[in-house]
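Hi,

Here is the structure I promised to pass on. Have a look when you get a moment; my notes follow below.

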Amino acid sequence: MKLRRDPMVAAAELVVTLEGLCKDPSRFLTYDEECGCFTEESLAGLVCTVGELLTWPSASNVIPGQVNFTVDIRAMDDLVRETIVASFSRIVMQRCDHRLVDCAVEHKHSAAATPCDPELTVQLKRATRSAVSAMAPGGHGHGRAVGAGESTAATPVLMSGAGHDAMAMARLTRVGMLFVRCRGGVSHSPEEHVAEDDVWAAGLALLRFVDQHAVAE
């Protein structure tokens, strides 16, 4: 065992290291012209995923001759993302040297974060509150009662780590996004389920949003 040069073990160690790096990046990163560190806000939404791991020759009793794995890193702040990429790339080479295995890091794709327009976001929040109010008892919408704990003022603003068409549209115009909640937070899956009332609320909110612009114009 002491004589082995095992790329699978090196890859496994690196995957766990990446998880730690992205779960608690403040332990590894220091940057800010004023405070000397990344702000908590800039680190929010940082996610790192290893979705593929391929071995060769992939036999149960053979030390792999080659292991390839993918790393997907997403963040609200481009500098945070770039710093994580650089830091992890450096760690890869250090761990590989320590384990006496050859490593290469290939950067396949990079896309900048796309912020939604603040004004459109405020208007969407206003439209959402108006829609939920209309659906409450005595409102003029769908007639659904707002459940306990559902405040008409509580409209969360989310960061989406997915690549949406809005990223392309942002090159042409201002963008904003309205999300409909999924049961259990599961989306992009056959298990995804959206309540009819939530679809109605989203449609009504979009209508109110369009009405705001029609009145403004």
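A polar contact here is a pair of N or O atoms within 3.5 Å, where within protein one must be able to donate a hydrogen and the other to accept it. Please keep in mind that this is a predicted model.

With that in hand, let's start at helix α4. Asp-117 caps the N-terminal end of α4, with a side-chain oxygen 3.1 Å from the backbone nitrogen of Glu-119. The helix itself runs over residues 118-135 and reaches 26 Å from its first C-alpha to its last, close to the 26 Å expected at 1.5 Å a residue. Its buried residues are Leu-120, Gln-123, Leu-124, Ala-127, Thr-128, Ala-131, Ala-134 and Met-135. These cover an arc of only 140 degrees around the axis, so they sit on the same side of α4.

Now to the nonpolar cores. The largest has 18 residues, and Leu-14, Leu-46, Val-80, Ile-84 and Phe-88 have the most contacts inside it. Both α1 (7-23) and α3 (78-99) supply at least two residues of this core, and α3 gives the most, with 6 residues. Apart from it lies another core, of 6 residues, including Ala-131, Ala-134, Met-135 and Leu-204. Beyond four places in sequence, Val-80 touches Phe-38, Ser-42, Leu-43, Leu-46 and Ala-75.

One more residue to look at is Thr-17, found in helix α1. Thr-17 counts as buried because its relative accessibility is 13%, under the 20% cut-off. Its side chain makes a polar contact with that of Arg-95, at 2.8 Å. Leaving aside neighbours within four places in sequence, Thr-17 is in contact with Ile-91 and Arg-95.

Best wishes

Terms used:
Residues are numbered from 1 along each chain as its sequence is written. This is a predicted model: local features need pLDDT of at least 70, side-chain atom pairs count only at pLDDT 80 or more; totals for chains, interfaces and linings use all residues. Side-chain values use heavy atoms; hydrogens and water are left out. A nonpolar core is a set of buried Ala, Val, Leu, Ile, Met, Phe, Trp, Tyr and Cys residues joined through side-chain atoms within 4.5 Å. Buried means under 20% relative accessible area, exposed over 50%, partly exposed in between (1.4 Å probe, protein chains only). Helices (H or I, at least four residues) and strands (E, at least two) are DSSP runs, numbered from the N terminus. Contact means heavy atoms within 4.5 Å. The expected span of a helix is 1.5 Å times one less than its number of residues. The arc is that of the directions from the helix axis to the C-beta atoms.
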